[in-house]
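Please look over the sequence and structure below. A short report follows them.

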Amino acid sequence: MKSIIHFLHDTPVWMLAIGFLLENLLIAGLTVLVGGGLVRIYSARRVTEVAPPLTSLEMRLASTTVLLNSLVTLGGLLLWREGLIQFRAEIGWAMIVDFFVLVIVMDAAMYVLHRLAHIPLFFKMVHRTHHLYDNPRPLTLFVMNPIEALSFGLLWLALLCVYDATWLGMALYLAFNVAFGLIGHIGVEPFPDRWKDIPILKYISTSSFHAGHHQDGAHNFGFYTLIWDRMFGTLEPQDTPLQKF
Ligand SMILES: [Zn+2]
Ligand SMILES: [Zn+2]
């Protein structure tokens, strides 16, 4: 861990910028690859129609998001070098606690942002782009208006500026963020039906949950959990039934 920290501290910014771009390209590539595998494995459990053929606009929007995510990573590095973002080196329980803190705080903040994004003016200007693809494919996770991609990144950096997370807690959260973003956009349901009846698990977002939002923009605004939708009455009355398509 110490050698990674020294590397991030001493390597020229331009070299790290290239590294972050490659890292984000790799994340996007793996996401699409794993997502494609899940779509094939669970093809009998579709919750949306099969996505139409890929367009060049989707490719351009996804590429822009990957580029912006790389810039946000670089921004995080510069803020860390300036001492505005600080990380703790602890492992063990501290890492687990951080993971849950980051998940809950980001989930709440993104719920609020998502509700705001559905106000007609903001929807037209920004969020409509993502909703053009209501029969999602794994790549749809990255298909959004650049302003939206940047606002997620800035929210994340703002949280890191006020909360000194552990390196590993942050890494765990980032992996979880990609995994749940992907699950919401595969158009098939990998989680078993009984998931909804199990305490605690029934508060965790599923593929059907986010597919439900894509089909009906008035419900299911949460990202990782159903907590805020349950609390504020925006949960879809019944989850999208499986094998609807
Ligand atoms: Zn979506
Ligand atoms: Zn939305």
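The report covers metal sites, a surface patch and salt bridges.

## Zinc ion, ligand 2

This is a predicted model. His-114, His-118, His-127, His-131 and His-213 coordinate the zinc ion (ligand 2). Each donates through NE2, at 2.1 to 2.2 Å. Along the sequence these donors are spaced H-x3-H-x8-H-x3-H-x81-H. His-118 sits in the loop between α4 (93-117) and α5 (120-131), and His-213 sits in helix α8 (residues 207-215), so the pair ties together parts 95 residues apart in sequence. Both His-118 and His-213 are buried.

## Zinc ion, ligand 1

The zinc ion (ligand 1) is held by NE2 atoms of His-130, His-185, His-210 and His-214, at 2.0 to 2.1 Å. The donor spacing here is H-x54-H-x24-H-x3-H. His-185 is in the loop between α7 (167-183) and α8, and His-214 is in helix α8, so this pair ties together parts 29 residues apart in sequence.

Why is the arrangement around the zinc ion (ligand 1) irregular? The four donor atoms subtend angles of 95 to 155 degrees. A tetrahedral site needs all angles between 85 and 135 degrees. His-185 is buried, at 5% relative accessible area. His-214 is buried too, at 2%.

## Nonpolar surface patch

Val-112, Leu-113, Leu-116, Ile-119, Leu-121, Phe-122 and Met-125 make a nonpolar surface patch of about 610 Å². Helices α4 and α5 are the elements that give two or more residues to the patch. Met-125 belongs to helix α5.

## Salt bridges

The structure holds four salt bridges. Asp-193 pairs with Arg-45 at 3.3 Å, N to O. This pair links distant parts of the chain, 148 residues apart. Asp-193 lies in the loop between α7 and α8, and Arg-45 in the loop between α2 (13-41) and α3 (56-81). Asp-193 is partly exposed, with a relative accessible area of 46%.

Arg-137 bridges to Glu-58, with the closest N and O atoms 3.1 Å apart. Arg-137 lies in the loop between α5 and α6 (146-162) and Glu-58 in helix α3, so the pair ties together parts 79 residues apart in sequence. Arg-137 counts as buried at 17% relative accessibility, and Glu-58 counts as buried at 2%.

## A charged network

Asp-98 forms a salt bridge with Arg-88, their closest N and O atoms being 3.4 Å apart. Asp-98 is in helix α4, and Arg-88 is in the loop between α3 and α4, 10 residues apart. Asp-98 is buried, at 1% relative accessible area, whereas Arg-88 is partly exposed, at 25%. Shared partners join Arg-88, Glu-90 and Asp-98 into one network of salt bridges.

Notes: Residues are numbered from 1 along each chain as its sequence is written. Chains are lettered from A and ligands numbered from 1 in the order in which they are written. This is a predicted model: local features need pLDDT of at least 70, side-chain atom pairs count only at pLDDT 80 or more; totals for chains, interfaces and linings use all residues. Side-chain values use heavy atoms; hydrogens and water are left out. Donors are N, O and S atoms within 2.8 Å of the metal (3.2 Å for Na, K and Ca); water is not among the atoms, so sites may look incomplete. Helices (H or I, at least four residues) and strands (E, at least two) are DSSP runs, numbered from the N terminus. Buried means under 20% relative accessible area, exposed over 50%, partly exposed in between (1.4 Å probe, protein chains only). Four donors count as tetrahedral if all angles lie between 85 and 135 degrees; four count as square planar and six as octahedral if opposite donors are over 155 degrees apart and all others between 65 and 115; anything else is irregular. Patches are made of residues with over 30% relative accessible area and no salt bridge: like charges are joined within 9 Å, nonpolar side chains (Val, Leu, Ile, Met, Phe, Trp, Tyr) within 5 Å. Accessible areas come from the Shrake-Rupley method with a 1.4 Å probe; for residues, only the protein chains shown count as cover. A salt bridge is a side-chain nitrogen of Lys or Arg within 4 Å of a carboxyl oxygen of Asp or Glu.
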